[in-house]
Structures are given as C-alpha cells and as structure tokens.
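Here are my notes for your first look at this model. Please keep the 3D view open and follow the points in order.

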Amino acid sequence: MAFRLLKSTLFLVFVIAISCGNHSGNKNQIQNKSSKNAKPGDSTSVIENKRLVLGANRTEAYLPLIADKRVAVVGNPSSLILKKELPNGEKIYVHLVDSLLSLNQNLVKVFSPEHGFRGKADAGEAVKDGKDPKTGLPVISLYGTNKKPKTEQLKDVDILVFDIQDVGVRFYTYIATLHYVMQAAAEANIPVVVLDRPNPNGSYVDGPVMEAAHTSFLGMHAGVPLVHGMTLGEYAQMMAKEHWLKTEKTVGLTIIPMKNYVHEMQYSLPVRPSPNLPNDQAVMLYPSLGLCEGTTLNAGRGTEMQFQIIGAPYLPKETYKLNYTPAPNFGSKSPKFNGELCHGLDLRTVDPLHEVDLTFIINAYRDYTEKEAFFNTKNFTAHAGTAQLQKQIEAGASMEEIRASWHSATQDFLKIRSKYLLYD
C-alpha cells in the first residue's frame, strides 16, 4: 500500500511539473492588434502580461480523463506540446503522442487526417494506413476512401483525443475529419476529448456561405461562412449541439479550453499545419487565396512561396511582374503549370487582412487571356459553397457587391456562433 501511495504521489508530482514547465514560455504569442490594422469598433483585450496556455499543454486537465483507458489520438505534426523556452527564445516542443507515452498512458493507435500523421502527403492525395516508425503505433488514415473511423477500428478504443491545428477556413479539411470522428464516436459510445488550439484567422467572420446543395468534405455544414472565426473546440460544440452530426446518439464531448486566449490575438504557428502553408503569411492569405484551388491560377504550389503568390502563363507580364516556374517539391508533386513560366503577383509583404479579399482572383479573371479555362466550376463551387460566386466574378461584380451578397447569411451564422464561443 505504501509503495502504491508513493508511486501515485511521484506520478502526480511529475504531471504537475510537466504542466508548469509547459506554461513557462509563449510570452510573446499574445499580442494586441496593432493600430495599423485596427478598425473603428474593434475591441482589443489587454492581456500582454498573461501567457497563452494551449489545451494540449493542460495535462492536469485531461490526464485524469484518459487514465486507465485505451486511448486513440487523432493528430498530425501540429499536435505539439510546448515543453520549455530557452534563454535565446528558442521553444522546445514534444509531440502529444510522445508525451502521453512518456506518461505511461495506454495509447493503442493513431488516426491521421489529410496529409498524414507526419504531414508529407499532397493535398487530395490518398494516405495509406501504416505504422508510425518512431513509436510503432498503428496509424489509420482518415483521408481517401476511409474518412470516418470504422466500427472495427474503434473496438479496442475507450476514448478519442483530438488535437490538430486548424486555420479557421471552412474548406480546410480538418473540420470534416473532426465531424466524422465525433459522428463515429457517438455511434460507438466512445467519448471525445478536443484539446483546443488558437485560430490564426479567428479575428473575423466573412466569405461566401455554404449552401446545402453544395456540401461536401470541403464544407460539411450549410450556413457556415468561408471564415467562421471559431476554434475547433468551439466548432465541435456547435456541431454537436446543433445536431449537425446527424446521429441518433449524442457524442460525449469534452473540450479542454485554452487559457488567456482571445479571438483577436495574433498567433504564430510553430510548424506547418499542412505542407503548403509554410508560414504565417500563407496562413493569413489562405482564406483569400484558397479559392484559387478551383481555378487554373497557380497559388504558389511548386515553389517555396505557397499561398503567398499567384500566377499563370495567361496573365500579362506587364502588370503581373513576378516571374516564376513551378516545379515538383515537398507537398506538390504535380503543381499547376509545372515547368511553365508564370507571370504573377508577389503577396509576401501584403499587410494582415481581417476580411476575405477576392480582388486578387477578380482582377486575375479580368486580365486572363484564356477566360474560358479560368474556372474549374465543380471544384470552385465546392470551395466557395455556392455557384453564385463564379457567376458574380464572370459578370464583373466588385468585391463590395460580392460581400454585400453574403452579408445577410453571415449575420444568421453569427447568431448561431455566439452560443458556442468559449473565448472573447
């Protein structure tokens, strides 16, 4: 009995030490929006002296939930825990899976989203099941033909822990993965724990709103704007309580919220959330440039400037002065205009946006010499969530006219969203 008590006490001390160590850094990750980008009516929270604590860092909050259970993690390379910050400012991270194993938790498998557990697959590329070479854990892909955990894949699982960095854009597929994980968990009576993370595009809500006729893996839920302004924890609550999961059973959902987070904060991601979002500028521009995926415009795939440039051979070089030639690279085995000289725009120094700006695409369509080839209509509509946007661009509508067309539906969403916000 004395030995068991000593063992339990030592384990508790170890967990508390890790939790405290996790909180030691991140002093500069919470910032007020600068006056340069502030707008009339913007609210700013003064929390510069408080430290952001991610859900994954709050080990003291979720270890009791998974103790003595068979655990499956839904994660990818972004599932990181901050361990400490060195005097030179360098931050040391450990993967959630490695952390849980070091704490003797009973991990039985990993589920991975688009791009895979180690994040090396192209967008849209099927990811095969396998084994994690570092830990030996079986890794089950939730992309391709198996987007939803199967009943047999959950038979040896008591609880699911979801920890993935999202970027706050509706067609970024990690939301769809969370939907299917929660749906499967509800059907199997398995609880889900979501370790919440910041939304780097969480300061605004904007963009075309998904229509029911066009829902897909790129947008599972009608009525949601392209930029929803929610963390995955908040969005998970909305899916469950608005009955978007379409299950007879209710999912047992626990959110491990962050500490000292506000939606207006600027947050720099420690690693790429996916192969073609290499830095903060790309993440910031992604809501405005992501719709290029449904056009023939190259948005930097096949370069080291993904989602920071746009271009094509069919844009006038007099106006589009950036010249580049896409080539296969990490995250893009077959980029658009592979090996062809493109004329384009360099957006690497564009100031931070706090709304969706489609003028880059609108102007490119206006200037394109091969207009009939500009849109991949099916793909563009799937990303936009509506067939109206392509028609508006083709008709020469301005950004202001287009934004006005989604204003009413966005206001309807804001009313729903307000019920599930965990942070200011």
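**Notes on the predicted model**

1. Start with helix α2, residues 59-66. This helix lies across β1 (70-75), β7 (159-163), β8 and β11. Its direction makes an angle of about 155° with β11. Keep in mind that the model is predicted.

2. Now find helix α5, residues 232-241. It lies across β7, β8 and β11. Against β11, helix α5 runs at about 160°.

3. Seven strands make up an open sheet, and their order is β5-β6-β4-β1-β7-β8-β11. The pairing in this sheet is mixed. Which strands stand at the edges? They are β5 (130-131) and β11 (253-256). Each has a single partner strand, so one side of each has no neighbour in the sheet.

4. Zoom in on one pair from that sheet. Strand β8 covers residues 192-195 and runs parallel to β11. Four bridges join the two.

5. Strand β14 spans residues 342-346 and pairs with β12 over four bridges. Within that pair, Ala-312 stands opposite His-343 in β14.

6. Next comes a hairpin, formed by β2 and β3 with five residues between them. Strand β2 covers residues 80-85, and strand β3 covers residues 91-95. The two run antiparallel and are joined by five bridges. Leu-80 stands opposite His-95 in β3. In the turn, Gly-89 has a positive phi of about 95°.

7. Two other residues deserve a check of their backbone angles. Most residues other than glycine have a negative phi. Asn-260 has a positive value, near 65°. Phe-307 is also not glycine, and its phi is near 55°. Asn-260 sits in the loop between β11 and α6 (280-289). Phe-307 sits in the loop between α6 and β12 (309-312).

8. Are these two residues buried or exposed? Asn-260 has 31% relative accessibility, so it counts as partly exposed. Phe-307 is buried, because its relative accessible area is 1% and buried means under 20%.

9. Turn to the inside. The largest nonpolar core has 97 residues. Leu-160, Leu-291 and Ile-393 have the most contacts inside it. Helix α4 (residues 174-187) gives the most to this core, with eight residues. Apart from this core lies another, of 22 residues, among them Ile-66, Val-71, Leu-96 and Val-97.

10. Pick out Leu-291 and look around it. Leaving aside residues up to four places away in sequence, its contacts include Phe-171, Leu-226, Leu-358 and Phe-380. His-383 and Leu-389 are also among them.

11. The largest cavity has a volume of about 70 Å³. It is lined by 17 residues, and the closest to its centre are Ile-164, Asp-166, Asp-196, Arg-197 and Leu-232. The elements β7, β8 and α5 each give two or more residues to this lining.

Definitions and conventions. Residues numbered from 1 in each chain as written. Predicted model: local features only at pLDDT ≥ 70, side-chain atom pairs only at ≥ 80, totals over all residues. Heavy atoms only, no water. Pairing = 2+ DSSP bridges. Core = buried A, V, L, I, M, F, W, Y, C linked by side-chain atoms within 4.5 Å. Buried < 20%, exposed > 50% of the residue type's maximum accessible area, 1.4 Å probe, protein only. Contact = heavy atoms within 4.5 Å. Axes fitted to C-alpha atoms, helices over the stretch in contact; angles between N-to-C directions. 1 Å grid on protein atoms, 1.4 Å probe; cavity = no way out; pocket = protein on both sides within 12 Å on 5 of 7 lines; lining within 4 Å. Points joined across faces, edges and corners; volume = space filled by probe spheres on them.
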